[in-house]
Every structure is written in structure tokens, then in C-alpha cells.
Amino acid sequence: MVETMRFSEFGLTTLKEVPSDAEIISHKLMLRAGLIRRLASGLFTWMPLGLRVLRKVEAVVREEMNRAGALELLMPAVQPAELWQESGRWDQYGPLLLRMSDRHSRDYCFGPTHEEVITDIARRELRSYKQLPINYYQIQTKFRDEIRPRFGVMRSREFIMKDAYSFDIDKQGMEASYQRMHSAYTAIFERLGLKFRVVDADSGEIGGSRSQEFHVLADSGEDAIAYSDADNYASNIETATTTPVAAGYPDAKEELQQVATPGVKTIEALCEFLKTDASRVLKTLIVDGTDGPVALLLRGDHELNAVKAQKMPGVVSPLTMASPEVIAKATGCGPGFVGPIGLGMPLFFDHATVGMSDFVCGANKKDMHYTGANFGRDLAIPTTVDLRNVVAGDPTPDGNGTLSIARGIEVGHIFQLGTKYSEAMSATVQDPEGKNQVMSMGCYGIGISRIVGAAIEQNHDEAGIIWPAPLAPFDVVLVPINLHRSEAVRTAADALYRELRERGLDVLLDDRDARPGVKFADAELIGIPHRLVISERGLAAGELEYRHRRESESRNLKREDALKLLE
């Protein structure tokens, strides 16, 4: 039997005012609509209405994972430290890992992810290549000790996640498992009715040889996505590549001169002071290196990409900007006036610096810059590298398309882990020759609770949430007018309520003794796709007033026509 509910029995409290601590629309609407309630920083209770949405997400994820052949299990949320020490991540993971001790002084953590636990299971349970491939998944509560939890469920400390882990005898098998999960994830987000893109990504602390992120497109998204419809290229801005510029270096037209720039330390201030454009400024960033400071150089109108920069030889990872003291000792001046001419340290020039001429750069003296600087005369012509974030209009890596930039919310991430964990933890099986073979792994995560917030960011208006039908807590809301004063309306509402339930629909009957305007406002705030209004006037005409949540006008339909439309 399909669960149904009367508003008066649901314990739902909506809010008219926007909570002061809510920053983005999904956080505001989830609190106002009564989906969640805050317990502490980054910790939320899922109220009955929100839990219905969460369970619908879980159901779709579970069905597609099962269809792809994955096996569901449930691992402990609390994990022993020795597993993380064995993989090497106990110290590497940093303050995001919530550590604790039990009464016997044994160390544990509240799992932010489960690579160690599943690898331990695999090495205990799997003995032969004949048991492979195998893919385990769970839907579990995770915890990451975010330094500044924000945006409601989008960046909370405790969250619900589906994580899966595949095991194969070799790399080829792992790649096949990875593609199955790629297809399953695509089916999941298509079924949930979300607009999304799949982008190449950096593997981060999880590791591995390749990873891709699934992003729900929304203007409020934290991540920038570079894409091109011309050649189907898509990448997270962190990993979107730039290519060497073919243009050569123009002949110098200006003499190299030192110009006094007192107190001018930023690109914006420098451009205003010298009446020039940021694209004609060569900025120098000093970062920590393994053998001393390293200089990274790029055009003033471009942004450094930390993920790319920390992969340069001799650069410390994670990327760390050099302190003012280190900069002063290495260059003889403070930050803001450093430039490449005569700079005695390793230099990495971004591809886009090719073709710059008569440019501005720091003079390595306090309050001084060079103008009229040129490669080939004042600086050796460098071999360039990819250091910057791409921008709209850049060519795609193969040159067949042009990049556009969109905002996205990461809701899924799939990784080709290879043997990173299985080798560290000696997870082997016997191959066909009877030799021990380290298994190749894949890892696949979906943010169940984050999907709910992302769906709202993508689907809302000034009145409230507009749920995609597969995510809606209820299919239809019944709004009887004057229910408590009209026997005819009450009888008709109860009959329609039962009939819709028998037809397999989730129904919310707004049986409150409240004004129609209050009921309509709450229905729009909650975002239920279909609304049927029952009134004495409509009953006399044999009609119901119907309105879809995405429509601006209502229409009157015969009762049977309304039922057919809902089916």
C-alpha cells in the first residue's frame, strides 16, 4: 500500500521568514519547508518531509546499483586507526578526519570514506580470480570535520553517501567495472530528472589514475566546469588543460625601464597606476619548493591553478605560497614587486605568456616595476607549462571546440584507484597460474543528501521548491476549500484521497482549518508537482481546479480528466 498523509497528522511546520544563518537558496528553502532542522554546526535532523525525499533518492540509486550487478552491504561508520595507518592515510588525511579513542585508549575515526574497510573485507573474503569481478556498495552516514560547515546539507559535517568499490584481477577489468559505474551513474541522474554534466577531475586525497565528477548544473555551484558542445569535452576547472600558444614573440618596441610604483602591490592597482591592461602584466608568484622557493609566472589577467602548479617538479604539494620573510630573503624585496629578471630561483612560465611583449613586471626592488620588458632580450625565451585556470573562449585540448564555463555542484565522483590500497594492504587473489595477484580497485561515490540540496538549487522559484517528479515527497497535494464547514467538500476530498491512493499515488491532503492562501503558499513552498483544489463551486460543475507546480495559471478539469492526467 502506498503511504499517504493528512497535513494535520504530518507534524509539518513551515516558516515564512528566511533563517538568518542560511546562505544559499537550498539551505533557506529546506529550512522554510521543514525538510531539515539544525542541531549544531554542520549537523542536521532530517524531518519527515525531507526524509521522504532522501529515501526517494536512495531508492533510485539502489535500483541502478543493483541493476549494474553491485552487491549491497553495510560497513561500520566507526573505523579502527590501524587500518588507516596501514594504508598511510591516518596522518595524511589531516584535520578532516574525526579521531576518537575508546575506553581502552584504542584509536578510531568516524569514517569519511571506506577504502580501508572494504579492502580489509576483500583480502579476507576473496581468494581466487574466479570470484572477480565483484563490486560492493553501501548507503551510509559519513563524517568530515569541515573547518567551516556552510550551505546547509551542501557542505555539512555529517552526510549520507552511497559508496561503492570494485575489485578486478587487472587494469583492464578495473576499467570495465569503471565504465559500468559510469553508465549506472548516468542512469541515476537521468532518472532523478536533473540537468548534469560529467567532467574529468583531479583524484584528490582518494588517489588513483583517473577520475570523473558528476555535476548538477546550477548558478550557485561551488565548482566551475569547462565544457564544449562542439567536441563533447568537459572538465572540472582544476583539470581543464591549456595548450602551448603557437604565436612567436614580437620584436621589442619599448626600452626596458624601471618605474617607481610606491605602495602598488596588486595587479589591479598596478594597471590603474600605469594605465595598462592586466594581459600586459607578467605576475610572479613565489611558492615553497622542495629545495627553496620557486617562481610561477603567468599573465596578470589569469588565475593560478593550484592543482596544476603543485605537480611541477620541485614544487611542494599541497601548494603553499611562500611567506613574506622567505620572499624578502630570496628576492631582496617584499611581495608585490617580485619579477623574473635576474631572479635566482627556478622559473615556470605559463603557456599564455608566449607572445607577450613590452610587458610590465616586478623589478625585485621595493616600490619598483619594469616596463617594456621582453623575452629574448631581457629574459631568455622559456619552455612554457600549463599553470592557469582556463577561461571562456579558450580552445579545447584537441582544438576542435571553444570552452564555455558553467557552475556545477558535485554530486558524484568515480575513481580508477588501481592498486593504491590493495597493494598497501596486501589484498591479493590467486591468478589462473596460481600466483598471488594484487587486485585492481575502483571507487564510486554519490552524495545522497547533497543531491537533495543540488536539486533545489536547480529547481526553484520565488515561491519555493519545484521538485522534479521522481524526487517529490508527494505526487499530488489536495487542497479542499472550507473543508471544516462543507460536508460536500469533506466527503469529496476523502473520496478523492482514497482513490488517488488506490491508483498508486503519494498524496498529501491539506485538511487544516486554514485560509486557502496559506494552503496554496505552503503547497508552492514544499514544491509538490500537482495540486488539486476541491471547492463547492467546482463540485457543482463536476470539476477540480488543477495546477502544475511549474505552471503560472490554474485550469478547471473534469474529475476523470484530472485523474487521467495524474496517472
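Analyst: Glu 255 counts as exposed, because its relative accessibility is 59%, where exposed means over 50%, buried under 20% and partly exposed anything in between (1.4 Å probe, protein chains only). The model is predicted, so local features need pLDDT of at least 70 and side-chain atom pairs count only at pLDDT 80 or more, while totals for chains, interfaces and linings use all residues. Residues are numbered from 1 along each chain as its sequence is written, and side-chain values use heavy atoms, with hydrogens and water left out.

Glu 255 sits in the loop between β13 (233-236) and β14 (257-260), strands being DSSP runs of E of at least two residues and helices runs of H or I of at least four, numbered from the N terminus. Setting aside residues up to four places away in sequence, Glu 255 touches Thr 371, Gly 372 and Arg 377, contact meaning heavy atoms within 4.5 Å. Asp 358 lies 103 residues from Glu 255 in sequence, yet their C-alpha atoms are 8.1 Å apart.

The domain assignment, whose bounds come from an automatic or database source, gives domain 1 (55-76 + 112-240 + 405-457), domain 2 (257-385) and domain 3 (465-565). The centres of domain 1 and domain 2, taken over C-alpha atoms, are 39 Å apart, and four residues from each of these two domains make the contact between them.

Elsewhere, the largest nonpolar core holds 66 residues, and Leu 35, Tyr 185, Phe 189, Leu 192, Val 452 and Trp 467 have the most contacts inside it; such a core is a set of buried Ala, Val, Leu, Ile, Met, Phe, Trp, Tyr and Cys residues joined through side-chain atoms within 4.5 Å. Helix α2 (residues 48-67) gives the largest share, seven residues, and at least three residues come from each of domain 1 and domain 3. Another core, lying apart from this one, has 22 residues, including Cys 333, Ile 341, Phe 349 and Met 368.

Helix α2 packs with helix α6 (residues 171-191) at about 150 degrees, their axes 9 Å apart, where axes are lines fitted to C-alpha atoms over the stretch in contact and angles run from 0 to 180 degrees between N-to-C directions. That makes α2 roughly antiparallel to α6, since angles over 145 degrees count as such. Val 60, Val 61 and Met 65 of α2 are among the residues making the contact, as are Ala 184, Tyr 185 and Ile 188 of α6.

How values were computed:
Parallel < 35°, antiparallel > 145°, perpendicular 65-115°, else oblique.
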